[in-house]
Amino acid sequence: MERKTTTLTWLSIRPRIFLLYFFILLSVSTAYATEYTVRPSQSNQFGASVAGEDVHEIEVKPIPYWLFLLLLGFTKVTSSPETFFPIRLFPILCGYKRLNSSNILENMNREKLYGFIKSFPGSYFSEIIKETGLNKGSVEYHLKTMETKEIIESYKTNGKLRYFLNHSTYNKEERTVISALKNDTHRRIILGILGNQNINHKTLAEGIGVSSPTLTQHIKHLKEQGIVKADTNGRYTIYSINSNYFDSLQEYLNKTSS
């Protein structure tokens, strides 16, 4: 029998499970495998030469059965394309960083969204997507994450969720005013009333260029928010700005016009 000895490592290390095998290889000896050709022997003596070649007994170092099963299991798990094992292994070996209000803005997309909301308070969902260029799923996820960690807050008005910085950056009146002024028609109505307190319905509709029914619809929302008051004077309806919101409106209008 002619034998040719070839040394092979007992395991071919895969790059994506390198970290796991690195630690295993520290404690496991290298195993050996052989390749050989079987020929009829002319001698009954064990280990005798067939054609004068040197014959050496191969040293075999067996792998423990439990370790073989363990490695086989890891190979099966990490062979599927959807499995990215280093990501799973990394937190175990190196620990992970818990998300909190102090490190939440270390994510580039969250920092971008936070900066946009800070610069443009009262922005709503589709507006944020359009202006930041981020996809819907990413915006939805990061807004929810920041709201959960209480660094932003949402305020619903006219069926839209608008976003503001949290921690009492804006009080209820300010959120109401900012949300109203970000609606173009509401803004024109408010400016029309500020320019002519006690303006009647017909004059206001003509002044801002909307129909009477359209004005009625928008005035209803502004009345519900408490910004506009409506009083009847004979057969006319007279509109005025609620004094509780007057200062906030003037302040925000001055900021946006400068």
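Contact means heavy atoms within 4.5 Å. By that rule, 56% of the contacts in the protein chain between residues at least 6 apart in sequence join residues at least 24 apart. The model is predicted: local features need pLDDT of at least 70, side-chain atom pairs count only at pLDDT 80 or more, and totals for chains, interfaces and linings use all residues. Residues are numbered from 1 along each chain as its sequence is written, and side-chain values use heavy atoms, with hydrogens and water left out.

**Whole chain**

Show the protein chain as a cartoon. Its secondary structure comes to 11 helices and 8 strands. These are DSSP runs, numbered from the N terminus: helices are H or I with at least four residues, strands are E with at least two. Now colour by accessibility. Of the 258 residues, 32% count as buried. Buried means under 20% relative accessible area, exposed over 50%, and partly exposed in between (1.4 Å probe, protein chains only).

**Stop 1: the second largest pocket**

Select Pro121, Thr169, Tyr170, Glu174, Val177, Ile178, Ser248, Glu251, Tyr252 and Lys255, which line the second largest pocket. Two elements give two or more residues to this lining: α7 (172–181) and α11 (243–257). The largest share, 4 residues, comes from α11. By class, the lining has 5 nonpolar, 2 polar and 3 charged residues. Here Ala, Val, Leu, Ile, Met, Phe, Trp, Tyr, Cys and Pro count as nonpolar, Asp, Glu, Lys and Arg as charged, and the others, Gly among them, as polar.

The space in this pocket is about 160 Å³. On a 1 Å grid over the protein atoms alone, a pocket is an open set of points where a 1.4 Å probe fits, with protein on both sides within 12 Å along at least five of seven lines; lining residues have an atom within 4 Å of a point. Grid points are joined across faces, edges and corners, and the volume is the space filled by probe spheres set on the points.

Centre on Ser248, in helix α11. Ser248 is buried, with a relative accessible area of 15%. Leaving out residues up to four places away in sequence, Ser248 touches Glu173, Glu174 and Val177.

**Stop 2: rings**

The structure holds 3 aromatic pairs. Pick Phe116 and Phe120: their ring centres are 5.0 Å apart and their planes at 40°, so the pair is tilted. Rings of Phe, Tyr and Trp (its six-membered ring) pair if their centres lie within 6.5 Å; planes under 30 degrees apart count as stacked, over 60 as edge-to-face and the rest as tilted. Phe116 counts as buried at 11% relative accessibility, while Phe120 counts as partly exposed at 45%.

Next, select Tyr155, Phe164 and Tyr170. Ring pairs link them into a cluster. Tyr170 also lines the second largest pocket.

Then show Tyr124 and Lys160. Lys160 lies over the ring face, at 3.9 Å from the ring centre. The test is NZ of Lys or CZ of Arg within 6 Å of the ring centre and within 35 degrees of the ring normal.

**Stop 3: positive phi**

Most residues other than glycine have a negative phi. Go to Glu150, in the loop between α6 (136–148) and β4 (152–157). Its phi is positive, near 65°. Asn198 also has a positive phi, of about 65°. Find Asn198 in the loop between α8 (184–195) and β6 (199–200). Asn198 is exposed, with a relative accessible area of 53%.

**Stop 4: Ile193**

Step back into helix α8 and select Ile193. Ile193 is buried, with a relative accessible area of 0%. Beyond four places in sequence, Ile193 touches Ile199, Leu204, Val228, Tyr239, Ser240 and Ile241. Finish with a distance label: Ile193 and Ile241 are 48 residues apart in sequence and 6.9 Å apart in space, C-alpha to C-alpha.
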